[in-house]
Amino acid sequence: MYLSELTSRLADGFLVTLQLLGWSMLIATVLGTALAAMRVSPIPPLRALGVSYVNVFRNTPLVVLFLITVVGLPELNLLTGSFFWRAVTALSMYTAAFVCEVVRSGINTVQVGQAEAARSVGLTFTQTLRHVVLPQAFRNVIPPLASVYIALTKNTSVASAFGILDLTYQLSDLIEDFPGSLYWNFISIAACYILIVAVISGAAALFERRVGVSR
Amino acid sequence: MAASNQSAAAPTGMNVAVGEPLVRMHGVNKYFGSLHVLQDIDLTVDRGEVVVVIGPSGSGKSTLCRTINRLETVDSGTIELDGQPLPAEGKGLARLRADVGMVFQAFNLFAHKTVLDNVTLGPIKAKGEKKADAERHAMELLERVGVSNQVNKYPPQLSGGQQQRVAIARALAMRPKVMLFDEPTSALDPEMIKEVLDVMTALAEEGMTMVVVTHEMGFARRAAHRVVFMDEGQIVEEATPEAFFTDAQSTRAQDFLSKILTH
Ligand SMILES: Nc1ncnc2c1ncn2[C@@H]1O[C@H](COP(=O)(O)OP(=O)(O)OP(=O)(O)O)[C@@H](O)[C@H]1O
Ligand SMILES: [Mg+2]
């Protein structure tokens, strides 16, 4: 009875956590990279916008962002949509600030001569970033980027407090319904998070090795 | 100062007539903070002409070269390429840069791309050439500079001389109107200098318009129509290589030559 209930709830929660993680990772990476591009752009207002974004979203507690996207903005009819997407919004906006800083540090490791050579063959600023600078920047920041994604994995658990049925939500449910199996509840949920983190670290290590070959 | 007509004495092997002005710098000034790196520079480079820029370290040679494709902005004065003033920013500037090939002292090959992809990136992305066409042209150029058997290698796997020849092919792939070389052999071991200079000499003989910052006297004598001597941000003297090396007029040039010719 307990075992079948545990596995089915774990499976449900795991799927929701993966969806939160997948969407937030995707959006945060795209947004964070765009912000990093803004921060190195030759246009001062864009740079200022990038800096302000990072300052605001990196320094706001994640729970506060959730309160804003889940409760505050819908109250003003600004962000409608399901709780799931409101949670993804909070997670993405928050994580994008960290992705931006990591990518920007990666851009700074790429020798300035690379961008000059790209501009010399007629590439525009955006093409230079996209084809020459960013591919090299990402290679140089695989470990810190993986850390950002691992932090994001754990941060998805905040969504449980806002009624998203993720792994952590399932944990509190299980504790309530099966207080006698307290340890098993904790261990199995922890194992699920560890599995996700292990996959991220493994993928990062694999990428790093692949990139090392071509250097 | 406007010495474009001094260039009539073509060196041996020239098969293209020296023509109308292609690069025209007029009254160009540039500061780095309080340092006046370019002072009232007037320089005209004609189509098909090879100009060697020479001078002590810090005299502004690199900066001069880099203003021609606007890797450095200028504070005053005008620079024209083929009769058009340099655009300030954006797509127009990118288009202009496509017409100006640049070869750097440090090669600056794209580290994450193969030799072939290094050469085709510009033509494909900036000019919209088809991949197959760009690759065919790239192979021709790589053959010409003698590295066609290395096309699938990455830059760090090549010797310095090979990297610089790939960099020349990469610039030529854009079919530029003028080629700029900023000390292209200074980072090379002596045995590799010749292979790069040979490629440059051949290019000069084919009639490419070139501005070359170099201290290679042999190359200047062999390929240049004109030597421009810079010191402290000014063009101090312009002459044919023959006249400059045997009979420099200014004391600054004489000083400089006595220093570099004694070792
Ligand atoms: N980005 C920069 N910021 C500040 N100063 C600079 C910058 N680039 C060059 N300079 C200074 O401008 C002066 C001219 O530099 P430039 O590189 O044009 O000289 P150069 O003649 O090419 O010297 P070298 O033979 O050493 O290459 C030097 O004093 C240099 O220190
Ligand atoms: Mg220099």
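**Figure 1. The area buried between chain B and chain A in the predicted model**. About 1900 Å² is buried between the two chains, and carbon and sulfur atoms give 61% of this area. Of the area that chain B buries against chain A, 29% is supplied by F110(B), H112(B) and K125(B). Counted by residues, the contact takes 19 from chain A and 24 from chain B.

**Figure 2. Polar contacts and the salt bridge between chain B and chain A**. There are 7 residue pairs in polar contact between the two chains, with both residues at pLDDT 80 or more. The interface holds 1 salt bridge. The salt bridge joins R66(B) to E116(A), and its closest N and O atoms are 2.7 Å apart.

**Figure 3. The side of chain B that touches chain A**. Which elements of chain B give two or more residues to this side? They are α2 (90–98), β6 (100–103) and α3 (115–125) of chain B. The most is given by α2(B), with 4 residues. By class, the side of chain B that touches chain A has 14 nonpolar, 6 charged and 4 polar residues.

**Figure 4. The surroundings of ligand 1 in chain B**. The residues around ligand 1 include the run P56(B), S57(B), G58(B), S59(B), G60(B), K61(B), S62(B) and T63(B). F32(B), L35(B), V37(B) and E183(B) also surround the ligand. A polar side-chain atom of S57(B) lies 2.6 Å from an oxygen atom of ligand 1. With G58(B), a polar backbone atom is 2.8 Å from an oxygen atom of the ligand. A polar backbone atom of G60(B) is 3.0 Å from an oxygen atom of ligand 1.

Figure 5. What is the helix content of residues 62–85 of chain A? Over this span the chain is 71% helix and 0% strand, and the end C-alpha atoms are 15 Å apart. Residues 182–207 of chain A are 100% helix and 0% strand, with end C-alpha atoms 38 Å apart.

Technical notes
Residues are numbered from 1 along each chain as its sequence is written. Chains are lettered from A and ligands numbered from 1 in the order in which they are written. This is a predicted model: local features need pLDDT of at least 70, side-chain atom pairs count only at pLDDT 80 or more; totals for chains, interfaces and linings use all residues. Side-chain values use heavy atoms; hydrogens and water are left out. Contact means heavy atoms within 4.5 Å. Buried area is the accessible area (1.4 Å probe) that two parts lose on being put together, summed over both. A salt bridge is a side-chain nitrogen of Lys or Arg within 4 Å of a carboxyl oxygen of Asp or Glu. A polar contact is a pair of N or O atoms within 3.5 Å; within protein, one must be able to donate a hydrogen and the other to accept it, and residues adjacent in sequence count only if both atoms are side-chain atoms. Ala, Val, Leu, Ile, Met, Phe, Trp, Tyr, Cys and Pro count as nonpolar, Asp, Glu, Lys and Arg as charged, and the others, Gly among them, as polar. A residue is near a molecule or strand if one of its heavy atoms lies within 4 Å of it.
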